[in-house]
Amino acid sequence: MALCKRGVQCCVTTIIRCSYPFQGISTVSTYTPILAYSRLSVLSCRHYSLSQGRQGIFQRASERYEKFLEHRFPRLYILYTTFVKGFQLMVHDVRETKRIRMKMLTQDVSLKELPYREMETIILFRKDMIKAIPLVIISIPPFAIILVFTLMCLFPRQLLIRHLWTPQQQQDFQRLYHEQRCRYRENILKGVAWSIPHIKEWTLRSHLLTLISKVQSGAHPSVKDISAVRGVFSGQPLGLTGMDSGHMRLLCSHLLLNPWLPGFLLRRRLRVKALDLLYLDQALDTLGQGQLTDSEIREACYLRGLNPSSLTTSQCREWLLQWLQLSTQLTESETSLLLHNMVLLSVNYPSS
């Protein structure tokens with residue numbers, strides 16, 4: 001023990017002598033723990049002050065660079081700030097997702113048991129990664145990064161995740177995506193109408209005919225009207241297990257999913273999408289709609305098929321309340337109704 005202590009004393013004395021030779025510390029006998037601690041404290045403080053100084057210099061240089069871009073190249077400045085903030089948000093999402101995944105593993109929590117915002121983070125991050133992974137694979141070969149940046153500039157909607165879009169691009173792309181969804185709504189309603197003769201139970205057949213006629217005439221259906229036909233969407237012909245491939249392709253196109261995959265993959269993707277909506281609705285019902293900000297309300301409406309750009313916040317909240325009143329009644333076997341409800345409940349909503 002004495003040898004170990006003596007060795008430590010020699011090491012610390014040597015460090016002090018090398019760092020401060022002018023102090024006259026020449027023998028081990030002059031060593032005291034207090035003296036060593038004071039010398040090391042000076043070293044640490046000096047290193048800390050140097051680090052702080054360097055950070056200050058870099059920060060001032062970055063601020064000057066941003067001001068230069070803002071005044072001389074305003075469009076480039078918008079792209080620069082968008083990418084900087086986008087990467088910061090992306091890193092934040094990665095950390096949050098890692099934290100939530102660790103929580104799910106350590107506490108044995110499934111996706112449907114997560115709080116609303118954590119569940120939304122997991123679902124949106126998964127969607128972003130599906131878009132980002134092909135771009136990462138393309139950038140692996142040497143010098144391919146130039147090609148990647150060129151593709152990112154030419155096709156930002158297809159290749160960039162939402163965090164890397166400018167505010168104007170977010171509005172334009174959201175409008176474009178909603179226009180794409182609207183192209184398939186009439187055909188989805190026709191597909192539901194064509195399936196009516198295949199429904200065995202007369203009461204369900206009558207209710208569904210009334211509902212489709214009401215929607216096709218331009219009227220907005222009530223939650224009661226849609227809830228009356230929920231049994232049709234748990235089996236043949238409109239349930240996820242009994243739906244024909246043609247109707248599945250229409251739903252995939254409406255959900256902006258690839259409609260040209262094999263039938264079993266289409267069914268699987270529709271089931272995942274429907275369960276995500278169901279679990280999100282259950283978590284949102286537990287949280288309470290009043291806990292969401294106005295922007296979160298609009299994002300929630302858009303995710304469920306409504307275009308909120310021409311609606312007031314109160315109209316969005318009213319529509320989301322109608323959606324939750326229906327979705328919280330459903331079971332996992334009836335989730336096909338959620339996918340169809342994105343058309344039934346939103347196509348004739350006032351000012352939509």
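How many of the 10 residues of helix H11 (residues 245-254) are buried? Seven of them are buried, so H11 is largely enclosed by the rest of the structure; buried means under 20% relative accessible area, exposed over 50% and partly exposed in between, with a 1.4 Å probe and protein chains only. This is a predicted model, in which local features need pLDDT of at least 70 and side-chain atom pairs count only at pLDDT 80 or more, while totals for chains, interfaces and linings use all residues. Residues are numbered from 1 along each chain as its sequence is written, and side-chain values use heavy atoms, with hydrogens and water left out.

**Helix H11**
- Helices are DSSP runs (H or I, at least four residues) numbered from the N terminus, and the buried residues of H11 include His247, Met248 and Leu250.
- The buried residues of H11 pack against helix H7 (167-182), helix H8 (185-194), helix H12 (263-287) and helix H15 (336-344), where contact means heavy atoms within 4.5 Å.
- Just after H11, Leu256 takes a positive phi of about 65°.

**Cysteines**
- The count comes to zero disulfides, a disulfide being a pair of cysteine sulfur atoms within 2.5 Å.
- Cys301 is buried, with a relative accessible area of 0%, and its sulfur is 4.5 Å from the closest cysteine sulfur, in Cys316, which is too far for a bond.
- Cys182, by contrast, counts as partly exposed because its relative accessibility is 35%.

Technical notes
Helix = DSSP H or I, 4+ residues; strand = E, 2+ residues; numbered from the N terminus.
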